[in-house]
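Here is a friendly tour of one protein model, written for someone who likes to know how each value was defined. Please have your viewer ready.

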Amino acid sequence: MDDECIGGEEDFLPDLIPCPYAEVEDFECDFGFERKDNLPICVRNKKVLPAYYDPPATCREGDFFNRTRGYRKIMDDECIGGEEDFLPDLIPCPYAEVKDFLLVAQKSRIVRYDLSNLQPETLPLPKMKNVVALEFDVENDCVYWADISNSSIQRQCLNGVKPVETLVEVGLSSVEGMSFDWITNMLYFVDGIRARIEVIRTDISNAGRMRRTILDKKELHKPRGIAVHPMKGYLFWTDWAVGQPSLSRANTDGSHVKKLFAYPTVMWPNGVTIDFHTQRIYWVDARDDYIGSSDLDGQHFFKVLSKDARVAHPFAVAVFKGSMYWDDWKQASIFV
């Protein structure tokens with residue numbers, strides 16, 4: 001105890017073993033959340049937390065509040081790094097009440113449903129013939145749509161400043177899905193017949209808008225749905241390829257393609273979407289008639305709904321504030 005020699009102790013001290021990045025198993029469920037079946041994921045119990053998405057009463061304009069994602073670090077777990085997918089979201093306090101709505105393409109029109117009362121409102125857009133894909137830019141209040149009948153992608157901002165704009169009008173055959181990156185203002189879209197995923201910039205007016213092909217027939221066969229994750233830099237898409245259907249992921253520049261699901265897990269995968277709060281993807285399958293979900297790496301897969309008349313032939317799906325919305329062609333209905 002009285003030895004005061006210093007230096008050279010590194011050969012005698014205990015080895016420091018690096019631990020892996022934190023994973024879902026390093027967390028327990030936070031209050032109001034519980035395990036989903038036997039999977040290591042936490043889902044909200046709506047009976048315990050019915051007003052989960054409401055800001056706290058003390059939330060003042062200009063302040064922020066933490067909204068749990070459902071996870072709490074296990075005590076004495078010292079692994080660090082990779083925790084950002086489990087830490088609470090930092091949410092700004094609202095300045096004013098904003099109505100929540102659902103946009104639906106109904107072939108010759110686009111309808112906005114007020115989610116507070118489900119009242120429909122047809123948007124004041126030019127004449128359409130066969131609209132399948134649409135997107136919305138929340139910040140600029142702009143709706144995007146692709147009309148298969150005239151092979152074009154158009155935009156109308158609803159602030160009354162600009163008339164309708166045609167963004168793409170050449171080199172299209174069948175745009176059945178599109179996804180907007182609100183960070184880079186890039187619009188990604190799939191062309192099922194040409195077997196391409198392409199991207200354009202929406203914040204410039206240059207000819208062509210720097211249009212670029214991200215993926216082509218080397219990786220695609222009959223792409224259908226698409227979803228972009230701006231924060232992660234990921235693209236997810238579905239493919240109806242005969243004999244080899246798939247749900248895949250790549251970086252937004254088309255690199256590092258990874259097939260997450262293939263036959264027989266998926267057969268006719270249609271729409272795909274992302275729940276940014278839980279960091280999970282959701283998709284619908286029109287052949288096996290189910291709604292599926294997994295994490296962003298294709299792990300912890302489960303079927304949300306299957307063998308149900310409401311998923312007789314599902315086409316599109318969306319997740320918003322803990323609720324799931326999807327449409328079904330056979331039922332000619334929208335479900336929640």
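## About the model

This is a predicted model, in which local features need pLDDT of at least 70, side-chain atom pairs count only at pLDDT 80 or more, and totals for chains, interfaces and linings use all residues. Residues are numbered from 1 along each chain as its sequence is written, and side-chain values use heavy atoms, with hydrogens and water left out.

## The cavity

Searching the whole structure turns up one cavity of 30 Å³ or more. A cavity here is a set of points, on a 1 Å grid over the protein atoms alone, where a 1.4 Å probe fits but cannot get out. The largest cavity holds about 40 Å³ of space, a volume being the space filled by probe spheres set on points joined across faces, edges and corners.

Its lining (residues with an atom within 4 Å of a point) consists of A146, D147, I148, S151, S152, L172, S173, S174 and V175. By class, that lining has four nonpolar, four polar and one charged. Nonpolar covers Ala, Val, Leu, Ile, Met, Phe, Trp, Tyr, Cys and Pro, charged covers Asp, Glu, Lys and Arg, and the others, Gly among them, are polar.

## The second largest pocket

A pocket is an open set of points with protein on both sides within 12 Å along at least five of seven lines. The second largest pocket contains about 1,200 Å³ of space. It is lined by 43 residues, of which I41, V43, T278, R280 and Y282 are the closest to its centre. Strands (DSSP E runs of at least two residues, numbered from the N terminus) feature here: β2 (33-36), β3 (39-44), β23 (280-285), β25 (302-306) and β27 (323-328) are the elements that each give two or more residues to the lining.

With four residues, β3 supplies the largest share. The pocket lining divides into 21 nonpolar, eight polar and 14 charged.

## F180

F180 belongs to strand β14 (residues 175-181). F180 counts as buried because its relative accessibility is 5%, where buried means under 20% relative accessible area (1.4 Å probe, protein chains only). From C-alpha to C-alpha, F180 and V168 are 15 Å apart in space and twelve residues apart in sequence.

Conventions: Buried < 20%, exposed > 50% of the residue type's maximum accessible area, 1.4 Å probe, protein only.
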